[in-house]
Amino acid sequence: MRVLVTGDRGYIGAVMVPFLRDAGHQVDGLDTGLYEGCDLLGGPDPIGSRRPRDMRDVGPAELEGYDAVVCLAALSNDPLGHLNKDATYSVNLDGTLRVAQAAKDAGVERFLFASSCSLYGAAGSEAVGEDADMFPVTPYGETKALAEKELSKLADDNFSPTYLRNATAYGASTRLRLDIVVNNLTAIAMTTGQVRLESDGTPWRPLVHIEDISRTFLKVLESPREVIHDEAFNVGRSEDVVQVRDIAEMVKDAVPGSTLSIADGAGPDLRNYKVDFSKLNETFPDLTLEWTVRKGVDELAAAYERHGLTLDDFNSAQFVRLRRIEQLLAAGLVDDQLRRQTEDQFPGPGDALFEEKH
Ligand SMILES: NC(=O)c1ccc[n+]([C@@H]2O[C@H](COP(=O)([O-])OP(=O)(O)OC[C@H]3O[C@@H](n4cnc5c(N)ncnc54)[C@H](O)[C@@H]3O)[C@@H](O)[C@H]2O)c1
């Protein structure tokens, strides 16, 4: 298939694009390039002569000839949404719908939307299936819920959107993120010798490895239309719905000499939910998600070791999305809607330009 991946230069895209290519698909990317230079171990394949492109400007002509669009592009987490709610709505909702409408107008038949389990929000103590009501508690979660609803209105005989509600991701990527729990705790342990919990560790978190996310997207791409048309799937493994303190224990065991500590006065984190993955398993019985959190922690620790990850890296804008966006805003490289103010590729986070500004 000919596939266009939006957000291909981000954390998941850096793993998904080679994964889809290895499966024999012809894959192109479209990305505004917010995280250029935010690289672990050399970064993804070079962008070549491709121009950065904002998905909010895409029209049908650019999408002609594709069989599928995979929409990963987004402002990708809760703290970013709080920084500027309008920008999160603009990118995650308007941008997604713009690409979807353009894809539909261009005759692209499939649209795989990277949604998130965070749209369930304050879900209570029962594991939530796809039919559960949505109670998003952040602008990020709201945009995912609204985008699904609006995409569904575009579904017809010639256009099949699918909503892949990913659990919180983990795993090594050349566009690493350290603002997600497993990656974060492993990095703290490696750079400080301490696995430090800021909450009491009781909240439940569903987790999934980025290669298993890629495997699931591939499965949906290759499945018959009637199986995936206008359907939502929770993406993850029931074995990996774990409490944060379990992750901390795994990290402590994997990083020799590290100790576990809980911040003074830490109470429970409000983001606390369990997710039911039976629809994914029942719909795709031959889809096997291969990673466990423990294996992922070992993979991350080995990647950090090879890269020589330092505490300075950990505290920099390199691997934390919110800090990188703040850096781009302070330098005037993007406006408050996170639209680029230059056609040139952004400098990496260690560029002298940013040192002068801070
Ligand atoms: N990482 C997770 O834990 C997780 C969990 C659930 C869902 N998701 C979803 O998966 C997708 C990918 O997440 P990620 O972790 O790779 O995020 P990321 O922030 O690493 O990557 C997002 C990419 O989108 C690009 N982008 C942002 N705005 C754009 C725009 N206007 N036009 C074009 N490109 C733009 C960025 O430059 C970046 O390369 C997101 O939609 C996210 O909401 C991620």
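Hi everyone, let's start with Arg 2, which is partly exposed, at a relative accessible area of 27%. By that I mean between the two cut-offs: buried is under 20% relative accessible area and exposed is over 50%, with a 1.4 Å probe and protein chains only. Please keep in mind that this is a predicted model, where local features need pLDDT of at least 70 and side-chain atom pairs count only at pLDDT 80 or more, while totals for chains, interfaces and linings use all residues. Residues are numbered from 1 along each chain as its sequence is written, and side-chain values use heavy atoms, leaving out hydrogens and water.

So who is the salt-bridge partner of Arg 2? That partner is Asp 28, with the closest N and O atoms 3.4 Å apart. The pair joins distant parts of the chain, as Asp 28 sits in strand β2 (residues 26-30) and Arg 2 in strand β1 (residues 2-6), 26 residues apart. Strands here are DSSP runs of E, at least two residues, and helices are runs of H or I, at least four, numbered from the N terminus. Asp 28 is also partly exposed, at 27%.

A salt bridge here needs a side-chain nitrogen of Lys or Arg within 4 Å of a carboxyl oxygen of Asp or Glu. A search of the whole structure turns up 24 of them. Another is Arg 175 with Asp 39, at 2.8 Å between the closest N and O atoms. Arg 175 is in the loop between β6 and α5 (181-192), and Asp 39 is in the loop between β2 and β3 (68-71), so this pair ties together parts 136 residues apart in sequence.

Now to the ligand. Of the 31 residues around the ligand (a heavy atom within 4 Å), Ile 12, Asp 31, Ser 76, Tyr 140 and Arg 177 come nearest. In terms of polar contacts (N or O atoms within 3.5 Å), a backbone N or O atom of Met 55 is 2.8 Å from a ligand nitrogen. A polar side-chain atom of Tyr 140 lies 2.5 Å from a ligand oxygen. The protein covers 98% of the 830 Å² of accessible area that the ligand has on its own. The shell divides into 14 nonpolar, 9 polar and 8 charged residues. Among the elements, β4 gives the most to that shell, with 3 residues.

Notes
A polar contact is a pair of N or O atoms within 3.5 Å; within protein, one must be able to donate a hydrogen and the other to accept it, and residues adjacent in sequence count only if both atoms are side-chain atoms. Accessible areas come from the Shrake-Rupley method with a 1.4 Å probe; for residues, only the protein chains shown count as cover. Ala, Val, Leu, Ile, Met, Phe, Trp, Tyr, Cys and Pro count as nonpolar, Asp, Glu, Lys and Arg as charged, and the others, Gly among them, as polar.
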